[in-house]
Every structure is written in structure tokens, then in C-alpha cells.
2 protein chains.
Amino acid sequence: SECGSRLREWVAVQSDSGDHTKWGEVERILNMTAVRIQEMGGTVDIADVGTHQLPSGETVSLPPVILAEFERDPKKATLCIYGHVDVQPAKMADGWTTDPFNLTEIKGNLYGRGATDNKGPVLAWLHAVESYQEIPVNIKLIIEGLEEVGSYGLLELTRKRNDSFFADVDFIVISDNVWATRNPALTYGTRGSSYFFVEVDGPKLDFHSGVYGGSIQEPMSDLIALLGSLLDHTGKILVPGVTDDVAPLTEDERKLYDNISFDLEEMKSVAGVKHFLQDTKEEVLMARWRNPSLSIHGIQGAFSEPGTKTVIPKQVTGKFSIRQVPNMDPPDVERKVKEHLQQVFSTLKSPNRLRVTATVGAKPWVANLKNPQYVAGQRAVREVFGVEPELIREGSTIPIAQNFQEETGKSVMMLPIGGHDDGEHSQNEKISRYNYIEGTKLFAAYFYELSLVK
Amino acid sequence: SECGSRLREWVAVQSDSGDHTKWGEVERILNMTAVRIQEMGGTVDIADVGTHQLPSGETVSLPPVILAEFERDPKKATLCIYGHVDVQPAKMADGWTTDPFNLTEIKGNLYGRGATDNKGPVLAWLHAVESYQEIPVNIKLIIEGLEEVGSYGLLELTRKRNDSFFADVDFIVISDNVWATRNPALTYGTRGSSYFFVEVDGPKLDFHSGVYGGSIQEPMSDLIALLGSLLDHTGKILVPGVTDDVAPLTEDERKLYDNISFDLEEMKSVAGVKHFLQDTKEEVLMARWRNPSLSIHGIQGAFSEPGTKTVIPKQVTGKFSIRQVPNMDPPDVERKVKEHLQQVFSTLKSPNRLRVTATVGAKPWVANLKNPQYVAGQRAVREVFGVEPELIREGSTIPIAQNFQEETGKSVMMLPIGGHDDGEHSQNEKISRYNYIEGTKLFAAYFYELSLVK
């Protein structure tokens, strides 16, 4: 089909924003997006968002952000759709069954990096727009290429355009997450995130462990001690004070969890784990959605290839991130983490040098469920899928949800179309053909319902 | 010069034995070695040493071992020279200043992977043989291509050939280490080593830390806890019982350390560290030569590239090794390490699976300093360098030193020619042109002195 072939074309672009040397590909997919919108009759503004300093100190130009619009009828409601066309890294060696950049359909699923996060949903929005002769709402689009690294430049752009591009916007909608279960969902909250780099710098060269082993305090053992001080085996974060500001659970909030058709045994099977850190579905959901978490992602600079190497790495950088929830404040978390790591490092009496840096720092987000766009969203789901949507939160981070809400004062909603087993950021990421097509219908129905509630 | 050009040709072969997919290059350099020996008039036996099972379970054919000889005069002493032509991994991205596989001379130093460990010394032996019209001793050569991964198959070959190839050997000499200081040295001991793989296997896919973070006991945090239980910040190994069998220091042994012209400040500067784990030169030397050590080399399976990736890796493998000294026993160490890690893992109450495997398991080695070949070695050093050699031990592992001594009952000596700052296993490995040429003269003088002491 034409839909599948356009997604194939987009997935083929290796727009991995985590590696700034690939930002040329990010710019290419942004350009393809702009051309597509113009072909559909939209107007496009390619907004420059300046430069960025990498952890190395190097300054690089940021890929631009696309601002676009269809229609401008003052009698109609104006909906602003956000999406991104950059992706997480992917390579066959990570364990993909198919080439991650060659969209492959197997048994009704479309496999490829970005299929569900977020190229598929962005194309679904464009197809929903295309499905109308006359769109019932004014449509604005804001499409970026740096979501996976923290949307550099977007917050400032939002501020700058608050009185122009955003002035007549009534609602902002984002489809950059997935359903929690087999049922469609509306999402009213996301966790924030800070990504930390813990660099321990020691001898001036990598050394042979036979020659120097036993006489040198190795950066790697310092780093293991630092990373080991972050959380215990129950998943509890051990950085002092970091979880003090977590919002207490209200009775109203607790009740929302009863209605989620989450099946613990099925989710264990999907994840391939014997048990979760929590015992009940409600506790697991709260751990993912409304409580903070800390994950250690890896170590750069140490020996990471197959086989054996008897090296003492001279410099190693541990990487971890903390997912944050209301009312945690990322700058406060960053300060506490840095103080904690410096304190632990001082007990190691190390001759090595410690440098802790952090990026992203996105705030958590919670929306007001009573806003009319949530009513429109619920009606559209009923219409297309014939069921009541689940009201869910999202454990992962879409920094601009909170940023849009805070900076523009507009209502923000997330309207996912991806399946709960789509594997975003993982090997064999996919979107099902069913979700891709019904999702397009959902978006079209949502435009219509929104025109009624305004 | 011809010497430099042959070393350049050998260094250009990427015979990295740590990666079994490169064993074709190991076989190529072995073949080049065999051809060279035959051109010099030696006879060559290419010995098949069977197969090897990789940690993955796959069985692979091992590269062969070269057995060669020059002369066979029953009136002469017979010296067997050991060397290896495989190398450690190397790539520009690790921080090399020059291409590691393109030998580059800068200010009298020849930079390249294998320049000092061990291609340079193997060529120096061949050049020493070539320097004689009639060699004063019978020469045998045993050249392998798997030293860096533990000399698979060599021990069994030694056993099989004990009554044939080794029957008429009087002395075995190895030049696979470096001087401890600026002074030439004879080496009478090496540490043993066991290399451990700690695999923690969890969910069935890599997951997004936003989606699953907080609900899953992550393999990476289990692994960090396991690795963190191995040693403290003073370098003390915390695995119960592992250091119980370390030989006590005798007064005679202690005195040997007074005569090493080791300068603590200079060594700090060479290593680029503010301080070592010990305070005196004697303590540092003992830590490197006669005490055990544990180094954590890295983690396979986690995110190790530049940039950010918010992944929960499904399976991670920590890699560390323990350098061992008399009277530690590698199988006993392996058992204690496995018990310890299983015990720590049980406290984590993890749903993940732990698998600890070990390779190498080489025993430590100490020689009898009173053997005549040590007398010959001392005389040759005096003759070529005009100084008394230092009697040193080596912190790194040459598994076959102990194996040769134990299996053949012959005297084994190590006669290094590399400089103390050659950086074997490190970035910018080199041998100086001075050491390469004077080392060749030392080997030639050693042949002559050996013919007198027999």
C-alpha cells in the first residue's frame, strides 16, 4: 500500500539523533517531512534553533524544527500536533531479526526502527489530514528531530513563538507513546528524566593488567563502586533526598488504576521475566508511571567487545538515568546526585578524577483530565474501536509535553496508537498494520470530535 | 633497514587472537614465520593442536603451533626459544596516535601493535640466529598464535612432544616481557591469571528504561552489585579465601627488591597517576610481581558507545581477571570466585539468571635463579650493555613459562629486551630501535655464553 511504502521510505533514513555525527540524516528526514507537507498543501516554516555544546565541549549546529499549518479559519478550533522523526540507535548486532532500517512486514506487523517511535504516528497524522476534503479543525504541526536526546532548542523556540505560532492554538496533541494493554488509551502524564555521565579519569594510557594490576587504583573499580551506590536490589534509589518530593497518592488517583485491563501474567510473559519488583498489577503500574526509577545503561571506555582483553581502561564513563515524577525537580535531582557521587568518591580516596555531568533534565508532566480535548479523545476512541479508552500515564519521557503545557498554558493530551508490545527503543521495534491504519482513522475521528467540543 | 621493514610487514598483519573471527590472520602470520625460518635454513614442523570450544558453545579449529630447529650437534647445548605472533586488539578509536597496524618510527621508537609484544622479540631471535655463520648452540623454536587468549593446545602439545621435540632441550628461554626500569633485566617469575565472565541474563529483549524502569530488576544493576563485591578501594580482593595461599615473603626474597633501580616518582609520571596504592617502591613492586590483583576490564552487552541511549540491556557480561602468585591454584581460585558470586547473587533475590565462566587459568611461575642459564644471561647482559642485569619478576602472565617448567622439567628463563615504557596491550605500543637492535645483540651473546656454561 501507499501508506506502507511511505513508512518504508522514512524508516530507511538512519536518523539516530543520539550520535551527532548522524545529524545529517536527521536533517534529511526533516526535509522529506517538509516536502511531504507542502505537497499536501500545507505551509512550512523551517525554524532554526541555534547551536548546542556537546559533553566534549564541541559546539554543533542543531537540526531545525518544522512548523507547519493547514487551514486558518478563525471559526474553527486550532489543534497543534507534535511529532518527531529522529530515532534511537539500532544495528543487527544488537539482536534484530530483520534489518532495522528496512521496514519488513511479518504476520501483520511492520518491523523497523522508528515504526512506532515516532515515524509511523507522524505519517498517520498526515494521512488523517489527507483523508479530509475540508479538515474540521485548523491543523498546526511541530515536527522535530532531537526528541531522543532531549529536544534541544525546542523549549526556547516554544517561548519565542508563544505569541505567534502558538497564539491561536487551542489544544496540543502528541502521539509518541503506546497503549498500556490491548486496549486503546488516552495518556495524561509522563515521567521526566535526567541522563547522567559519570566519568572517572585515571592513568594517562590504558594499561596491561599484568603490569600495573595491584598497584593502581583503577578507574573501573572506582566507577563500579559509584554505580553500585545508586540503588539497591529492590529498585530503591539510594541517593539521599531524591525521592522526598514524590507526590503522595490520592484516593482519586488510586482508583484510576483499578480500571486498567492490565494482566500481570501476560506482562511477565511479554517481558520474559519471572517476576517484577512489585507483586500486584497496580504496584507495577505505579512503579512505571507515577514513581521514579533509576536505570544503569552502560559504560563507555571499558572493554565491551566479545572475547578477552586484559586491559586497565584509563578513562571510563558510566551512564545512567533517573525517571522523575511530580513533584520532583530535575535541577534539584541533578544537584543531589552530584553531591552523592562526590561524597561516595571521597570515601574511595582515589587518585583519579571524577566528573559528573547531566543532560536532558526534562520535567515530569500531569494533565487536567477535565479538559474538553480529553472528552473528544474518549469519543473518538469509542467511535473507532468501540471500547472505552483506558486513562493511563506513561513511564517514559516526552519532555515537551510538560514544556508545552508550562510555556503555552494550553491543554496537552497524548493520544497513542502504538501497541503495548511495539518494543520502542528495543530490538525488533514494530507497529502493527492494524494499529497503523485504525490509528489513522482515530486521528481523523479526533479532528471531527474536537470541532464539536470547542 | 631490513630489520625495520620485516617488523613493519609483521605488524601489518592484524593477528588479534582475542577475536576468533580473526584467527585467519593469526594463521597467516604463523605461515609467514614458518616461511622465514625455512628461508634461513631451519626445518619446520607445523603442529596441529586440535579444536577449542568457545564460551558460546561453538567448536573452532585452533591455529597451529610452529616447531622448528637449526643445527643438531650432540656436542652443543640445545636452547629452545618460545615466542608468539598474535597480538591484543587495537584500533584508532582507542586513542592511538598512529595506525596500530602500520609500524611508524618517531624519535627512535617503532610504534605498532605487537612491536614489543611479541613480534619484535621473535624477529630479534631470528636475526640473532642469522648473525652466526655457525650457531654456538643448537636452536629450537616454538612459536604460537594464541598467547593473548591463553595458549590453547600448547600445554597438550608440550606433553605430547616431551619425549621427542623437548627430549634434547637443555634450556628454555622466553622474551615476552619488558624491563622493569631503564636497566636490562632477567626475569625469574610471572603471575598466573584467570579470566572470568559474569553473565547476567534477564528480560527477553532490551527494553526502554521509561517503559519498564522501576518494575524490572535490571541485569545491569545485578552485575554492578556482583562486580562491586570483588575488591575494595585499597585493591584488596574481597573474595573469601582467595589470598590465603599467597607464599609468605622470605628475607632472601625481600633483599632482591632493594637492588632494583626503580624510581617511584618517575614511575608515577610514566603511569600518569598521583599515587599508587602502595607508598614505597618495594611495596609497589611486590604488589605487581609477587602479590595477587584483580582488574575489572569491562562489560559486554550494555550501552558502550558515545552519546545517550535509554536502554535496559537484557543480558550483560562483566569481565574481570585475577593475577595469581605462588602458591595460589587457579582451579581453587575459580571455585572460590564462583561460590562468592553465587552467594552475593542469592542476596539480590533476582529473577535473572547468573552464569559465571572462567578461561585461561594459568599458574604462576617462579624459577631457580641458580641454574646455569641465568649465569649465561647475566654475562650476556654485562657484555652487551656494560651493566649488571636486575633480577626481576613479571606481573603479567606467560602461561607456558610455568607449563614448560612443570611439564618438561627443564630450566626456564625470561630474557626481556623491551623497554619499561613500551606500553604492551596499551595504546601506542612501541619498541625502541635501540632496544630492538641491542636486544638482537644480547640474544646472539646469550647463545655464545650458553655454549660455555653447559
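UniProt annotations may be inferred rather than shown by experiment. I kept that in mind throughout, since the model I opened is itself a predicted one.

**Entry 1: the annotated domain.** I looked up chain A in the UniProt record. The unreviewed entry gives "domain: Peptidase M20 dimerisation" for residues 188–344 of chain A. I then checked the secondary structure of that stretch. Residues 188–344 of chain A are 34% helix and 22% strand.

Entry 2: I superposed chain A on chain B. A turn of 180° with a shift of 0.1 Å along the axis does it, and the RMSD is 0.1 Å. That is how a two-fold axis relates copies. The same surface serves both: 100% of the contact residues of chain A recur in chain B.

**Entry 3: aromatic rings.** I searched the whole structure and got 24 aromatic pairs over all chains. One that I looked at is A:F165 with A:F166. Their ring centres are 5.1 Å apart and their planes stand at 85°, so I logged the pair as edge-to-face. For that label the planes must be over 60 degrees apart. A:F165 and A:F166 are both buried.

I went to chain B next. B:F165 and B:F166 also pair edge-to-face, with 5.1 Å between centres and 85° between planes. Both of these, B:F165 and B:F166, are buried.

A:F165 and A:F166 belong to one aromatic cluster with A:Y82 and A:F404.

**Entry 4: charges over rings.** A:K140 lies over the face of A:F165, 4.6 Å from the ring centre.

Conventions:
Residues numbered from 1 in each chain as written. Chains lettered and ligands numbered in written order. Predicted model: local features only at pLDDT ≥ 70, side-chain atom pairs only at ≥ 80, totals over all residues. Heavy atoms only, no water. Helix = DSSP H or I, 4+ residues; strand = E, 2+ residues; numbered from the N terminus. Least-squares fit on C-alpha atoms with pLDDT ≥ 70 in both. Contact = heavy atoms within 4.5 Å. Phe/Tyr/Trp six-rings, centres within 6.5 Å; stacked < 30°, edge-to-face > 60°. Buried < 20%, exposed > 50% of the residue type's maximum accessible area, 1.4 Å probe, protein only. Lys NZ or Arg CZ within 6 Å of the ring centre and 35° of its normal.
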